[in-house]
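Have the sequence and the 3D view side by side before reading on. Each paragraph takes up one part of the chain.

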Amino acid sequence: MDLKLNIYEKKKVVKTYTAETYDLMFGTVEDLLDVIKIDNIQAGDRTELLKEIAKVLVHSMDIVKPLLKDIFEGLTDEELRNTTLKNIIDVLAEVIAYSINQLTKGNNGKN
């Protein structure tokens, strides 16, 4: 999983943060699960995932900002103000999809 967050100045990319992978801490997973309805997200359904991420952004910026700053070392609040909502949603979608996949990995319904 390659994550990328662009920082803009007057619609021009002035800096790009990258991360190859990110493992969510259990506390962050708990916080996200309080907001995201995983049952609404079917495997591979990006539309439903994006709807749930929109809910997170609206109701839980206190979770999103620290998460992004943890993923992208050195990212500042001011830089976050200069990125696009689409870019933030894309990063969150990748992280959440990856995390859901890790949670369900090996859970094929067989005992």
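What follows goes from the overall layout to the strands, then the helices, then the salt bridges.

The model shown here is a predicted one. The protein contains two strands and five helices, and their order along the sequence is β-β-α-α-α-α-α. Of its 111 residues, 36% count as buried. The accessible surface comes to about 7500 Å², and carbon and sulfur atoms account for 49% of that area. Contacts can also be sorted by how far apart the partners lie in sequence. Among contacts between residues at least 6 apart, 61% join residues at least 24 apart.

Start with the strands. Strand S1 covers residues 3–9 and strand S2 covers residues 12–19; the two pair in the antiparallel sense over seven bridges. Glu9 stands opposite Lys12 in S2. The hairpin of S1 and S2 has two residues between the strands, and in this hairpin Lys10 takes a positive phi near 55 degrees.

Next comes helix H2, residues 46–59. Which residues of H2 are buried? They are Leu49, Glu52, Ile53, Val56 and Leu57. These residues lie on the same side of H2, because they cover an arc of only 150 degrees around the axis. The face of H2 turned away from the buried side carries Thr47, Val58 and His59, which are exposed.

Helix H5 takes up residues 85–104. With 20 residues, H5 reaches 28 Å from its first C-alpha to its last, close to the 28 Å expected at 1.5 Å a residue. Several residues of H5 are buried, among them Ile88, Val91, Leu92, Val95 and Ile96.

Now turn to the charged side chains. How many salt bridges does a search of the whole structure find? The search finds three. One of the pairs is Glu79 and Lys15, whose side chains meet at 3.1 Å, N to O. Glu79 counts as buried, because its relative accessibility is 13% and the cut-off for buried is under 20%. Lys15, at 39% relative accessibility, counts as partly exposed.

Helix H4, residues 77–80, also contains Glu78. Is Glu78 buried or exposed? Glu78 is exposed, with a relative accessible area of 52%. The C-alpha atoms of Glu78 and Ile7 are separated by 9.7 Å, although these residues are 71 residues apart along the chain.

Another salt bridge joins the side chains of Lys69 and Asp77, at 2.9 Å from N to O. Lys69 is partly exposed, with a relative accessible area of 33%, and Asp77 is partly exposed at 41% relative accessibility.

The remaining pair lies in helix H5. Lys86 forms a salt bridge with Asp90, and their closest N and O atoms are 2.9 Å apart. Lys86 and Asp90 are separated by about one helical turn, because they are four residues apart in H5. Lys86 counts as exposed at 58% relative accessibility, whereas Asp90 counts as partly exposed at 24%.

Technical notes: Residues are numbered from 1 along each chain as its sequence is written. This is a predicted model: local features need pLDDT of at least 70, side-chain atom pairs count only at pLDDT 80 or more; totals for chains, interfaces and linings use all residues. Side-chain values use heavy atoms; hydrogens and water are left out. Buried means under 20% relative accessible area, exposed over 50%, partly exposed in between (1.4 Å probe, protein chains only). Contact means heavy atoms within 4.5 Å. Accessible areas come from the Shrake-Rupley method with a 1.4 Å probe; for residues, only the protein chains shown count as cover. Two strands pair if DSSP finds at least two bridges between them. The arc is that of the directions from the helix axis to the C-beta atoms. The expected span of a helix is 1.5 Å times one less than its number of residues. A salt bridge is a side-chain nitrogen of Lys or Arg within 4 Å of a carboxyl oxygen of Asp or Glu.
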